[in-house]
Amino acid sequence: MSIGKRLDRIKNDLPENVRLVAVSKFHPVEVIREAYDAGQRIFGENRVQEIVSKHEQLPPDIEWHFIGHLQINKVRQLVPLVDTIHSIDSLKLLNEVQKEAQKVNRKIKILLQIHIARETHKFGFSFEEAETLIKNNIVDACPNVTLSGLMGMATLTDDQEEIRKEFQSLAAFYHSLKEHYFPANDHFKELSMGMSDDYPIAVEAGSTLVRIGTRIFGERV
Ligand SMILES: *Cc1c(COP(=O)(O)O)cnc(C)c1O
């Protein structure tokens, strides 16, 4: 099946308010171009070097999303190219993005990554840490950063109920933040959850951004 067909299949299944991030990491520019030609404009990558190189070779109207763990010393290279960073997982990283975005006079959309999985090696803030950041207006104090919402990854498991529980808990947290801190703020609106294997559950739980790679591009090598 062609990439365009696979994209159509996925998009036809998504509710209107859910956007698709095509996760193109490890795939060459030729296949990204194929997805672009089929109408896809949002692409997700998890290595800065790869975005730098692909950005150069592909059309300028692509919206690049960074979705992986971001090292402090790579922020400077990323900030001129990226639209949204899904994976803000420390205060230090947030401050670095602010600093570098200011230098190039850009405003970067960010999501706070929340640790919802059972695996301890996954990155992200706890609910308490994220709420403390927001309550103390830490993100508001960053003029070159817009807080667009939250991101989370479920545990890698076949247990669908476990996955559902994790996505639902993140969605409930998102809605409580929205209600308490952002009732009239149109920017805080994204809930980034769901990958190839679990996105239908994520969408059911209220995801607005699904990050799908394998189902579009096949297995990564
Ligand atoms: C690789 C990756 C994805 C896409 O995973 P697939 O299973 O290929 O859909 C989504 N989110 C993050 C954070 C990733 O690193």
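Modeller: Let us begin with a polar contact, for which N and O atoms must lie within 3.5 Å of each other; in this predicted model, an N or O atom in the side chain of Lys 25 lies 2.7 Å from an oxygen atom of the ligand. A nitrogen atom of the ligand is 2.9 Å from a polar side-chain atom of Arg 211, while a polar backbone atom of Gly 213 is 2.8 Å from an oxygen atom of the ligand.

Colleague: How much of the ligand's accessible area does the protein cover?

Modeller: On its own the ligand has 390 Å² of accessible area, and the protein covers 91% of it; the space that the ligand takes is the largest pocket.

Colleague: Which residues surround the ligand, and how do the residues of the shell divide?

Modeller: Among those surrounding the ligand are Val 23, Ile 67, Met 153, Met 195, Ser 196 and Thr 214, and the shell comprises five nonpolar, three polar and three charged residues.

Colleague: How many aromatic pairs does a search of the whole structure find?

Modeller: The search finds five. For Phe 43 and Trp 64, the ring centres are 6.1 Å apart and the planes stand at 45 degrees, so the pair is tilted. This pair links distant parts of the chain, since Phe 43 belongs to strand β2 (residues 42-45) and Trp 64 to strand β3 (residues 63-66), 21 residues apart.

Note on methods. Residues numbered from 1 in each chain as written. Predicted model: local features only at pLDDT ≥ 70, side-chain atom pairs only at ≥ 80, totals over all residues. Heavy atoms only, no water. Near = heavy atom within 4 Å. Polar contact = N/O pair within 3.5 Å; in protein donor to acceptor, adjacent residues only side chain to side chain. Areas by Shrake-Rupley, 256 points an atom, 1.4 Å probe, with all protein chains shown as cover. 1 Å grid on protein atoms, 1.4 Å probe; cavity = no way out; pocket = protein on both sides within 12 Å on 5 of 7 lines; lining within 4 Å. Sits in = over half its atoms within 2 Å of the grid points. Nonpolar A, V, L, I, M, F, W, Y, C, P; charged D, E, K, R; others polar. Phe/Tyr/Trp six-rings, centres within 6.5 Å; stacked < 30°, edge-to-face > 60°. Helix = DSSP H or I, 4+ residues; strand = E, 2+ residues; numbered from the N terminus.
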